[in-house]
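Biologist: I'd like to go through this one with you. Can we start with the terms?

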Amino acid sequence: SWVRLCEECSRSRARAGELRLPPGPGATPVFMPVGTQATMKGITAEQLDALGCRICLGNTYHLGLRPGPELIQKAHGLHGFMNWPHNLLTDSGGFQMVSLVSLSEVTEEGVRFRSPYDGDETLLSPEKSVEIQNALGSDIIMQLDDVVSSTVTGPRVEEAMYRSIRWLDRCIAAHQRPDKQNLFAIIQGGLDADLRTTCLEEMTKRDVPGFAIGGLSGGESKGQFWRMVALSTSRLPKDKPRYLMGVGYATDLVVCVALGCDMFDCVFPTRTARFGSALVPTGNLQLKKKQYEKDFRPIDNDCACPTCQKHSRAFLHALLHSDNTAALHHLTVHNIAYQLQLMSAVRASIVEKRFPDFVRDFMGTMYGDPTLCPTWATEALASVGITLS
Amino acid sequence: THQTLHTIHGLPAMAQLTLSSLAEHHEALAEYKEGIGKFIGMPELLLYCSLHDPVSPCPAGYVTNKSVSVWGLGGRVEMTASKFMAIQQALQPDWFQCLSDGEVNCEEATSIKRARKSVDRSLLFLDNCLRLQEESEVLRRSAIIGVIEGGDVMEERLRSARETAKRPVGGFLLDGFQGNPATQETRLHLLSSVTAELPEDKPRLICGVSRPDEVLECIERGVDLFESFFPYQVTERGCALTFSFDYQPNPEETLLQQNGIQEEIKYVDQTKKIKTTSCNQEMTSFEINLKEKKYQEDFDPLVRGCSCYCCKNHTRAYIHHLLVTNELLAGVLLMMHNFEHYFGFFHSIREALKSDRLAQLKELIRRQAS
């Protein structure tokens with residue numbers, strides 16, 4: 001289900017490839033926008049398609065509650081329900097164990113959630129998660145993993161890692177549609193190199209179509225973050241895609257591509273749009289601020305998205321100070337476009353064998369001087385042979 | 001967004017902007033210099049600038065002999081004729097409603113004195129604005145729409161119409177004719193008398209009237225342009241327009257529709273009030289409420305045969321889900337449908353007028369209005 005193009009950066013671990021999934025191909029490296037509840041926060045499927053998005057995310061926990069797997073199955077799966085003609089990835093519901101930790105309880109059986117909507121209790125077991133994802137019909141499904149926040153230390157981390165392996169096996173056993181849906185494993189182990197290594201050794205023994213690197217992108221330091229990513233990619237098979245969950249910011253994306261990751265997801269671009277923030281190569285623009293009141297330039301002169309083609313910062317500023325939601329849609333469109341365009345540019349540079357130069361240009365634009373680039377990023381890039389100055 | 005707006009078929013050539021939302025941005029627009037149409041990314045649309053937003057009524061008691069106020073998000077903006085014209089100079093709309101005293105409405109029994117004042121003030125504002133327009137090349141490119149006032153006092157209404165018609169206005173806005181069904185007959189009678197006094201070759205606009213049945217009554221009495229806030233209100237309450245305006249359908253379709261209509265009416269509770277974010281309006285019988293549980297598993301489009309983006313791509317079940325989960329997309333899709341449906345209705349009105357079948361259309365709408 002994933003083909004690695006011959007293009008591989010000869011310096012770093014970056015690779016370019018293509019996912020081959022039933023709805024259609026998807027280029028990697030890829031950023032996957034998050035459409036939690038079968039919608040991309042105010043953007044139509046047509047708009048998302050026009051931006052070049054070929055894979056996006058749905059969330060098993062939320063959809064499992066509302067509208068529920070039976071209804072979605074009647075609607076011809078998640079693709080049919082939201083009328084998305086391209087690829088879909090669903091996560092297992094595991095992350096909600098962390099994000100909704102006060103409403104959840106983990107045992108060997110599974111995760112017990114108390115619904116925030118009606119107080120009802122649901123048990124999300126590996127079997128149940130796969131069952132729901134089978135009904136949703138997404139092209140890539142994720143194992144249910146025992147997720148702990150990256151700031152947790154102690155025996156809980158080890159427990160979660162070993163349990164994730166057991167849950168992976170249960171997911172594989174329960175999976176009813178391996179021919180149509182690709183089940184990915186999720187490497188856990190927190191910030192402990194030994195635990196992570198054990199997890200990698202064990203999980204790579206299982207024949208799954210792809211691997212995700214989980215348990216990161218929480219509250220951990222960036223120094224620890226990149227080391228765990230690098231450790232993971234060094235031990236994952238080269239001929240299968242690597243999905244780094246919950247990443248994110250532009251710099252993180254570029255660095256982690258250099259470290260050998262292929263797929264990413266994050267709510268950041270769509271969420272920050274709804275706060276009036278537009279992503280640009282130099283960071284972001286807080287368009288609600290007064291300085292944009294008479295700024296008649298587009299968000300980004302080089303951006304091909306509909307928002308930048310038609311509208312100015314001043315207009316968006318005025319819209320943000322009105323009582324309708326149009327500004328949020330404009331910014332969501334732009335921010336998704338920004339992320340997708342970034343990934344396209346990264347991929348082109350890998351294919352054209354100039355990825356290290358691309359990285360230097362990118363960092364230069366973002367931080368001004370290479371010396372102003374964050375230490376963790378400089379170190380991470382250096383570890384795979386890319387120097388910035 | 002522009003993208004989603006342009007998927008709507010039958011989009012009118014003219015859009016309405018409100019001074020209440022724009023007045024505060026006067027400075028930025030003046031510096032921009034190229035007018036509001038270009039600023040909002042819609043240079044191809046004709047633009048009409050009204051004083052107020054029909055959906056947000058403004059507090060009374062703020063019109064003086066010298067000024068009128070509008071309410072933006074930042075508060076009250078008081079405008080004398082010269083400030084008003086300065087703002088219009090920055091906006092450069094194709095048409096704009098002239099500064100007027102719109103506080104006297106047909107609804108309340110108005111004192112003759114107050115009605116007379118509304119007419120006098122509005123004429124004075126009009127003359128001042130016309131004079132200021134003369135002095136500016138930019139302003140001369142816009143047409144001023146004269147405003148007919150006078151409350152429910154026939155004499156004053158006629159005076160307002162005759163006097164306004166003497167001025168070189170681009171068209172006429174019939175103000176203060178909105179109201180509840182109880183006073184409808186009186187209002188419509190006044191309306192007929194007013195339009196009879198107006199020249200045939202200039203457009204007549206009316207504000208505050210947007211419901212399909214009321215629209216038809218006004219068209220019969222000589223009105224040409226309407227505000228499109230009704231589909232917006234329908235959207236805001238999570239509803240979709242489903243009324244039929246196909247006054248010459250084939251027999252099978254008629255049967256299907258009649259059965260459909262009866263089914264919908266059975267479920268609609270006339271006095272049901274649905275609280276929404278921006279309007280506490282009652283749901284009408286022209287629409288269905290997608291939040292209702294019965295749509296949870298309804299995989300039909302909102303309206304069978306509708307060619308809007310929402311109906312061509314999505315189901316009632318999906319819209320229901322989006323509403324229940326408070327997703328932004330619900331409003332986007334519903335607005336696309338409701339606009340297309342509403343503009344389709346107006347298209348059928350024009351067709352009916354051309355083929356002299358307005359009575360049939362009116363009967364069809366009347367049947368669905370109860």
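Modeller: A salt bridge is a side-chain nitrogen of Lys or Arg within 4 Å of a carboxyl oxygen of Asp or Glu. This is a predicted model, in which local features need pLDDT of at least 70, side-chain atom pairs count only at pLDDT 80 or more, and totals for chains, interfaces and linings use all residues. Residues are numbered from 1 along each chain as its sequence is written, chains are lettered from A in the order in which they are written, and side-chain values use heavy atoms, without hydrogens and water.

Biologist: Which residue forms a salt bridge with K74(A)?

Modeller: E297(B) does, and the closest N and O atoms are 2.8 Å apart.

Biologist: How many salt bridges are there across the interface of chain A and chain B?

Modeller: The rule finds four.

Biologist: And how many residues are in contact?

Modeller: 37 residues of chain A touch 33 residues of chain B, where contact means heavy atoms within 4.5 Å.

Biologist: New topic. At what angle do α14 and α15 of chain A pack?

Modeller: Helix α14 (residues 326-351) and helix α15 (residues 355-367) of chain A pack at about 145 degrees, with their axes 7 Å apart. Axes are lines fitted to C-alpha atoms over the stretch in contact, and angles run from 0 to 180 degrees between N-to-C directions. Helices are DSSP runs (H or I, at least four residues), numbered from the N terminus.

Biologist: Which residues make the contact?

Modeller: Among them are Y338(A) and L342(A) of α14(A), and F355(A) and F358(A) of α15(A).

Note on methods: Helices (H or I, at least four residues) and strands (E, at least two) are DSSP runs, numbered from the N terminus.
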